[in-house]
2 protein chains.
Amino acid sequence: MRAQWVESRRGLANVTQMHFARQGVVTQEMQHVAGREGLPAELVRSEVARGRMIIPANLNHPELEPMAIGIAAKCKINANIGNSQIVSDVEGELTKLRGCLKHGADTVMDLSTGGDIPHIRDVLLRHSTVPLGTVPTYEAIERVKRVEELTARDLLDIVEEQAKQGVDYMTIHAGILRDFLPLAQHRITGIVSRGGALMAQWMMAKGLENPWYTHFDDLCEIFKAYDVSFSLGDSLRPGCLADASDEAQFAELRVLGELTRRAWEHDVQVMIEGPGHVPMDQIEMNMKIEQEVCHEAPFYVLGPLATDIAPGYDHITSAIGAALAGWHGASMLCYVTPAEHLSLPNAEDVHQGIIAYKIAAHAADVARQRSGARDRDDALSRARYAFDWREQFRLSLDPEAAQAKHDETLPHDAFKTAEFCAMCGPKFCSMKVHTHLLEKDLPEVTERADAQLVADSLAFARRAAIPRTGSVAQPSPVALGRKASPAGAAGAAAALAKAE
Amino acid sequence: MRAQWVESRRGLANVTQMHFARQGVVTQEMQHVAGREGLPAELVRSEVARGRMIIPANLNHPELEPMAIGIAAKCKINANIGNSQIVSDVEGELTKLRGCLKHGADTVMDLSTGGDIPHIRDVLLRHSTVPLGTVPTYEAIERVKRVEELTARDLLDIVEEQAKQGVDYMTIHAGILRDFLPLAQHRITGIVSRGGALMAQWMMAKGLENPWYTHFDDLCEIFKAYDVSFSLGDSLRPGCLADASDEAQFAELRVLGELTRRAWEHDVQVMIEGPGHVPMDQIEMNMKIEQEVCHEAPFYVLGPLATDIAPGYDHITSAIGAALAGWHGASMLCYVTPAEHLSLPNAEDVHQGIIAYKIAAHAADVARQRSGARDRDDALSRARYAFDWREQFRLSLDPEAAQAKHDETLPHDAFKTAEFCAMCGPKFCSMKVHTHLLEKDLPEVTERADAQLVADSLAFARRAAIPRTGSVAQPSPVALGRKASPAGAAGAAAALAKAE
């Protein structure tokens with residue numbers, strides 16, 4: 001579909017979504033995004049023009065179904081795939097990409113650092129309906145023996161080659177300046193960004209400033225010819241709780257804010273990368289500082305991990321931090337898999353990481369009270385109350401996993417409509433008990449609790465309760481489940497009135 | 001060890017820890033807790049006397065190693081085990097208990113609802129070094145055909161039998177009153193507490209008030225003779241996001257606050273059970289309301305799940321909510337396993353649930369800045385920076401899982417000291433690059449970024465950075481890892497000075 005959209009733009013000096021948005025043009029990409037997000041197209045345009053939303057969409061990635069990253073849109077997740085020098089296999093990466101698309105990654109980064117990197121990237125791009133991001137430094141380093149052999153020209157050439165292939169966004173570690181390196185010396189884990197560590201090595205070896213910084217305008221020229229979005233890398237992100245929110249991190253963030261302004265002068269789209277490892281009580285502060293210093297450019301955070309003590313389970317340690325980050329304003333959450341810190345993720349690690357992050361992003365949408373965010377929760381809960389197991393599975397983030405767990409104890413088809421599961425059994429199923437509570441003739445009430453306590457408790461409850469929203473606030477809510485029908489509700493009310 | 005401690009207390013009318021605490025006595029249990037928590041024994045005594053901390057420790061559970069639940073102590077986790085009418089097997093439950101103890105559950109609840117319940121419970125008690133909790137209603141219901149056949153006397157008899165066996169705390173659904181039932185009628189999932197639904201059924205069938213409420217003082221008499229702690233059940237907790245923080249929930253909570261006062265008049269220990277399913281933005285409010293209404297009695301929350309759409313992954317949906325709850329004041333987190341809503345958890349589900357909750361509780365301790373909470377994170381991070389893989393595994397919450405994931409790609413022993421892992425490979429390991437950054441002769445600096453930008457960024461970073469705490473704030477921190485030695489640090493500083 002997108003091949004036609006981009007045809008008329010070829011040859012223009014600036015083809016970025018931001019450029020069109022600032023000229024008042026609503027592109028087909030913006031229309032598409034508006035439909036997916038349930039937002040007015042004009043709002044999408046103005047957010048893109050303002051820099052508060054990006055639509056990563058390279059002119060040369062016609063396979064893309066455009067999506068948006070920004071505070072007005074739903075919270076997104078990115079999945080990193082790509083090989084390493086230790087484990088390299090094109091077919092394996094394609095399998096991971098298919099898993100990403102199936103389980104709902106909103107963007108994918110190809111972080112390959114070994115093998116035939118351009119070939120792997122091309123295969124991934126041609127199969128990816130979601131934006132593909134890269135870290136060009138990785139390919140650059142693969143071409144030389146020692147990092148210091150690289151010139152700024154080499155870096156720009158690689159960026160241009162990747163842009164031509166159709167890469168939608170690139171992590172550029174332009175904010176780590178020579179003068180910031182001493183700030184990382186007293187950290188426990190130093191520099192943990194791969195690209196950041198390599199740029200530090202380059203600067204130290206050559207006595208020169210960061211080439212991504214000194215050639216930033218050249219980068220912008222390439223980016224605007226293809227509409228590549230910046231993902232400004234956080235080279236000095238903390239690698240452990242102890243290093244979080246320190247001077248190194250915030251000095252670089254301040255530079256990223258300046259670079260955001262410079263990219264915006266070229267109408268080039270920008271998002272900002274963020275930590276990493278952060279204790280829960282520092283996450284909201286980190287989101288607020290980024291919004292302030294980086295002029296509300298979308299924040300794209302890695303986790304953050306809320307504790308360092310659970311290698312093997314870092315999809316969980318980081319889903320906690322990611323959910324909090326999304327709630328407090330991060331626009332995209334970069335997943336972390338169970339393999340983090342230990343190994344290159346395999347297809348199952350990718351799967352587990354994506355589901356954990358779909359959970360985090362959705363919990364964030366609900367907590368931010370984004371419009372309609374809770375609808376799917378309500379629908380699934382109604383299916384649950386109606387013992388409609390198949391509908392529960394269908395509405396699940398991972399239907400196969402949900403059904404498999406149910407099948408473990410009750411595999412037979414008959415149990416998919418049973419009014420209980422193996423957790424409680426038929427006699428102890430609270431939902432079954434509650435469902436049938438009002439079907440009987442009820443005796444007169446002969447005993448009540450202390451009237452004053454009841455009155456006080458009800459009065460307190462009225463004051464403290466949060467107003468009902470979503471489908472519970474509607475007279476005839478989502479039509480799933482026996483109890484949701486008006487007749488059923490009326491019957492229940494009648495029964496209770498009788499009991500009073 | 002505990003058998004001797006309790007000998008002298010036998011025959012006393014009131015043997016509760018709260019009773020002794022209020023008389024100014026520091027029991028051996030309090031001493032033991034003080035040692036485990038790193039708190040002064042007198043503080044433990046005064047918190048127990050005040051009701052803000054409980055030490056669930058039945059006189060007839062000599063196998064117990066006492067622990068504490070309360071805001072002054074570290075955040076705890078509970079694991080539910082027990083069979084159902086569908087799946088029943090004593091050996092299987094014992095295997096689950098061993099898993100609980102191995103992976104670090106702080107308390108265990110036996111929620112058996114089928115088979116020979118008293119026998120299963122006795123086996124579990126005799127093997128459990130952690131407090132064991134029960135829901136006596138379950139056993140009561142198993143003895144009759146219909147819930148309405150039960151009398152208040154039956155309930156009290158079962159409580160006394162279980163107290164005699166050594167149960168340390170019991171969930172008692174005394175707060176759900178007849179007049180609150182209509183409040184649950186417009187919910188999506190009605191009543192989801194098993195015990196709560198059964199009491200609602202009893203009240204509706206008989207026209208009588210909740211027997212746990214009407215016989216609360218009789219319960220206190222039994223509890224104080226054995227030192228059973230109340231876990232006041234939240235029968236009206238929400239079963240989905242839409243039902244959270246509603247009038248039904250808060251009316252019951254208000255009654256639990258009154259019952260807390262009444263139990264305290266008997267010097268009986270109390271904690272309060274809480275939800276359940278709660279959007280992230282309502283969790284802090286829920287913690288504050290409980291503290292206010294229930295006079296700061298420890299809050300023991302189930303999750304809460306931050307979204308309803310991921311059955312099969314509810315250990316993750318709920319670990320997010322649990323971490324937030326613990327941060328904002330919950331004293332114990334009741335785990336949820338991947339089997340929640342789908343099946344009775346098996347041993348592996350129990351394992352996964354416990355690790356997810358160890359993560360949540362620890363993240364909460366760190367976020368509350370409990371003394372020394374981050375030490376283990378820092379030690380593991382130092383081991384990580386030093387490429388001491390074995391030490392990383394040892395310090396992990398689940399060493400076997402961490403090592404297994406590392407073994408997947410690099411099983412050979414030689415790689416357990418390698419300066420990289422399969423995730424990035426040797427050339428791209430940021431920690432390796434950073435570690436070796438300063439070992440070389442460095443050229444003169446010939447290029448720098450804009451001086452004003454550097455100065456502004458450093459000034460901003462100084463203002464924004466959080467003061468360093470824990471081992472990073474010490475001149476010679478935790479002695480793990482090559483870079484932590486004073487010599488190494490001095491060398492790095494010298495190298496940087498040279499580069500300036």
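This is a predicted model: local features need pLDDT of at least 70, side-chain atom pairs count only at pLDDT 80 or more; totals for chains, interfaces and linings use all residues.
Helix α15 (residues 347-367) of chain A gives the most to the side that touches chain B, with twelve residues. By class, that side of chain A holds 91 nonpolar, 34 polar and 36 charged residues. Six salt bridges cross the interface. One of the side-chain pairs that meet in a salt bridge is A:Lys405 with B:Asp349, at 2.6 Å, N to O.

The contact draws 161 residues from chain A and 161 residues from chain B. The two chains bury about 14,000 Å² between them, and 67% of this lies on carbon and sulfur atoms. A:Ile309, A:Tyr313 and A:Phe428 supply 6% of the area that chain A buries against chain B, more than any other three residues.

The largest pocket holds about 750 Å³ of space. Its lining counts 33 residues; B:Lys74, B:Gly104, B:Asp106, B:Lys358 and B:Arg376 are the closest to its centre. α15(B) provides the largest share of this lining, four residues. Twelve lining residues are nonpolar, seven polar and 14 charged.

The second largest pocket holds about 640 Å³. Of its 28 lining residues, A:Lys74, A:Cys75, A:Lys76, A:Asp106 and A:Lys358 lie nearest its centre. Here α15(A) gives the most, with four residues. α3 (28-37), β3 (76-81) and α15 of chain A each supply at least two. The lining of the second largest pocket divides into 13 nonpolar, five polar and ten charged residues.

Notes. Residues are numbered from 1 along each chain as its sequence is written. Chains are lettered from A and ligands numbered from 1 in the order in which they are written. Side-chain values use heavy atoms; hydrogens and water are left out. Contact means heavy atoms within 4.5 Å. Buried area is the accessible area (1.4 Å probe) that two parts lose on being put together, summed over both. A salt bridge is a side-chain nitrogen of Lys or Arg within 4 Å of a carboxyl oxygen of Asp or Glu. Ala, Val, Leu, Ile, Met, Phe, Trp, Tyr, Cys and Pro count as nonpolar, Asp, Glu, Lys and Arg as charged, and the others, Gly among them, as polar. On a 1 Å grid over the protein atoms alone, a cavity is a set of points where a 1.4 Å probe fits but cannot get out, and a pocket is an open set with protein on both sides within 12 Å along at least five of seven lines; lining residues have an atom within 4 Å of a point. Grid points are joined across faces, edges and corners, and a volume is the space filled by probe spheres set on the points.
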